[in-house]
Amino acid sequence: MVTYYLIWLGFITVAVSDAREHRIPNYMLGIILALAIIDKVLSLTPLSSLMNAALGALIMFLCAFILFLIRAMAPGDVKLLGVVGFVAGWGQLLAISYWIAVSTVIVALFYAAIRLAEQPKSAKMLLSKYTLLLSGVGADKKSRFFAEPSETKLRMPFAPIVVIGLALHQYF
């Protein structure tokens, strides 16, 4: 039971670190993983629990790695999801993925609202961008219009979203 709370403390620490510094410390993921291994070993069926956790970690890591390869996810997020898969185990992956997706949408809407409040012209530009995309205008105009300087791109830390998704999964 103590390991359960320590694992949650570790996830919260990782989420705060990612929100503040856009960085997930590897040592924290290692600590969470070690605590999860201890928790699985102390269960009633340790071998079964460890195999279930390892399968969950492998599947979650591989799915996240595919997202990393298409540049939809950062490397730290891939490692985080591998640890989440280990903690949750194979049987909970679908439910956890659902709640992570729900929390992603919720947090993204808040980020979009903040962006809109800070830069009211961005909504008009976004509407123009997608109108241009759907209109079928030449590729040269699209590439120039869609090229966004890196400092104007919206960056949303993923670890807090994962932790919110895990909390929603525990609650619902």
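Author: The model is predicted. Its largest pocket has a lining of 26 residues, and nearest its centre lie Ala72, Met73, Ala74, Asp77 and Phe158. Two or more lining residues come from each of α3 (46-69), α4 (75-88) and α5 (93-118). The volume of the largest pocket is about 650 Å³.

Reader: Why is histidine 169 called buried?

Author: Histidine 169 has a relative accessible area of 15%. Buried means under 20%, so histidine 169 is classed as buried. This residue lies in helix α8 and touches Gln92, Ala95, Ile96 and Trp99, leaving aside residues up to four places away in sequence.

Reader: Is arginine 20 buried or exposed, and how do you know?

Author: The relative accessible area of arginine 20 is 68%. The term exposed applies over 50%; therefore arginine 20 counts as exposed. Arginine 20 belongs to helix α1.

Reader: How do you know what span to expect of helix α8?

Author: The expected span is 1.5 Å times one less than the number of residues in the helix. Helix α8 has 13 residues, for which 18 Å is expected, and the reach from its first C-alpha to its last is 18 Å, close to that expectation. The buried residues of α8 include Ala159, Ile161, Val162, Leu166 and His169. Among the elements that cover the buried residues of α8 are α1, α4 and α5.

Reader: What makes a set of residues a nonpolar core, and which residues have the most contacts inside the largest one?

Author: The largest nonpolar core has 33 residues, and Phe11, Val14, Leu80, Leu81, Val84 and Val162 have the most contacts inside it. Elements giving two or more residues to this core are α1 (2-21), α2 (26-41), α3, α4, α5 and α8 (159-171). Helix α4 gives the most, with 7 residues.

Reader: Which residues does leucine 80 touch?

Author: Not counting residues up to four places away in sequence, leucine 80 touches Phe11, Val14, Ile24, Leu29, Ala159 and Val162.

How values were computed
Residues numbered from 1 in each chain as written. Predicted model: local features only at pLDDT ≥ 70, side-chain atom pairs only at ≥ 80, totals over all residues. Heavy atoms only, no water. 1 Å grid on protein atoms, 1.4 Å probe; cavity = no way out; pocket = protein on both sides within 12 Å on 5 of 7 lines; lining within 4 Å. Points joined across faces, edges and corners; volume = space filled by probe spheres on them. Helix = DSSP H or I, 4+ residues; strand = E, 2+ residues; numbered from the N terminus. Core = buried A, V, L, I, M, F, W, Y, C linked by side-chain atoms within 4.5 Å. Buried < 20%, exposed > 50% of the residue type's maximum accessible area, 1.4 Å probe, protein only. Contact = heavy atoms within 4.5 Å.
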